[in-house]
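Open the structure in your viewer and keep the selection tool at hand. The stops below say what to select and what is there.

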Amino acid sequence: MAQLQCENLTLGYEGQTVTRNLNFSVDRGDYLCIVGENGSGKSTLMKTLLGLRPPMSGTITTGDGLKQKEIGYLPQQTQVQRDFPASVREVVLSGCQGSKGLRPFYTRKDYEKADRSMEKLGISQLSRQCYRHLSGGQQQRVLLARALCATEKMLLLDEPVAGLDPVVTAELYDLIGKLNHEDNITIIMVSHDISQALGQATHILHLASEPLFFGAKEAYLKSSIGQAFATIMIAGAMGGDLDD
């Protein structure tokens with residue numbers, strides 16, 4: 001059974017439809033990259049998968065032992081969140097809150113899970129530092145460690161490398177790839193960085209007002225929509241570098 005199944009989804013907000021008739025499934029260990037033009041519903045889909053926003057119609061079901069509260073999430077950061085005055089360990093620990101239920105305090109297992117997550121992301125030495133004083137790349141590692149505290153099964157990542165320099169971007173993609181390959185954690189990621197994202201992905205979901213493509217990465221790269229979109233995005237990225 002699929003770990004996540006979406007059938008005939010119509011998504012939107014404030015009465016405005018952004019995409020309709022969306023059908024796709026994700027199996028354990030898949031690496032799904034969600035792409036599409038601005039306003040095509042990528043972030044809306046992520047929030048709907050998390051249960052933060054109801055679909056306008058259609059169904060979302062989980063299987064293969066996955067519960068919705070076991071999905072880890074790395075959202076896009078706001079400036080207020082970047083200035084959060086807490087220690088790295090406190091931020092990472094907060095990822096355990098979804099599994100606490102009625103327990104008011106963190107347990108020893110929670111602290112052990114946070115320590116393992118920090119070690120896996122290479123930030124153990126930062127545990128006592130203030131989150132707001134970290135670099136952008138370090139903050140993203142902290143947030144990824146926080147998301148790991150919520151799951152050993154599935155991570156949803158919304159533009160995880162936005163605003164990072166190329167070296168830090170490559171390092172973060174390598175870490176995400178290791179979580180997928182070595183720990184068999186399913187990855188569902190929104191990204192505008194098409195060239196890097198496609199290097200790791202196993203499947204592609206291309207969103208528009210009507211879904212244009214869902215399937216294996218190899219089939220996407222051979223499709224007319226995949227070739228056209230990749231060319232436009234890569235050319236745009238090169239143009240942006242030249243302007244800078």
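**Aromatic pairs**

The count of aromatic pairs comes to three, where rings of Phe, Tyr and Trp (its six-membered ring) pair if their centres lie within 6.5 Å. This is a predicted model, in which local features need pLDDT of at least 70, side-chain atom pairs count only at pLDDT 80 or more, and totals for chains, interfaces and linings use all residues. Residues are numbered from 1 along each chain as its sequence is written, and side-chain values use heavy atoms, with hydrogens and water left out.

Select Phe-24 and Phe-214. Their rings are 5.8 Å apart centre to centre, with 55° between the planes, a tilted pair (under 30 degrees is stacked, over 60 edge-to-face, the rest tilted). Phe-24 belongs to strand E2 (residues 16-26) and Phe-214 to strand E9 (residues 213-216), so the pair ties together parts 190 residues apart in sequence. Strands are DSSP runs (E, at least two residues) and helices likewise (H or I, at least four), numbered from the N terminus.

Now colour by accessibility. Phe-24 is buried, at 3% relative accessible area, whereas Phe-214 is partly exposed, at 31% (buried is under 20%, exposed over 50%, partly exposed in between, with a 1.4 Å probe and protein chains only).

**Two helices**

Next, select helix H4 (residues 108-120) and helix H5 (residues 136-149), which pack at about 135° with their axes 9 Å apart. Show Lys-113, Ala-114, Ser-117, Met-118 and Lys-120 of H4 with Ala-145, Leu-148 and Cys-149 of H5: these make the contact (heavy atoms within 4.5 Å).

Notes: Axes are lines fitted to C-alpha atoms, for helices over the stretch in contact, and angles run from 0 to 180 degrees between N-to-C directions.
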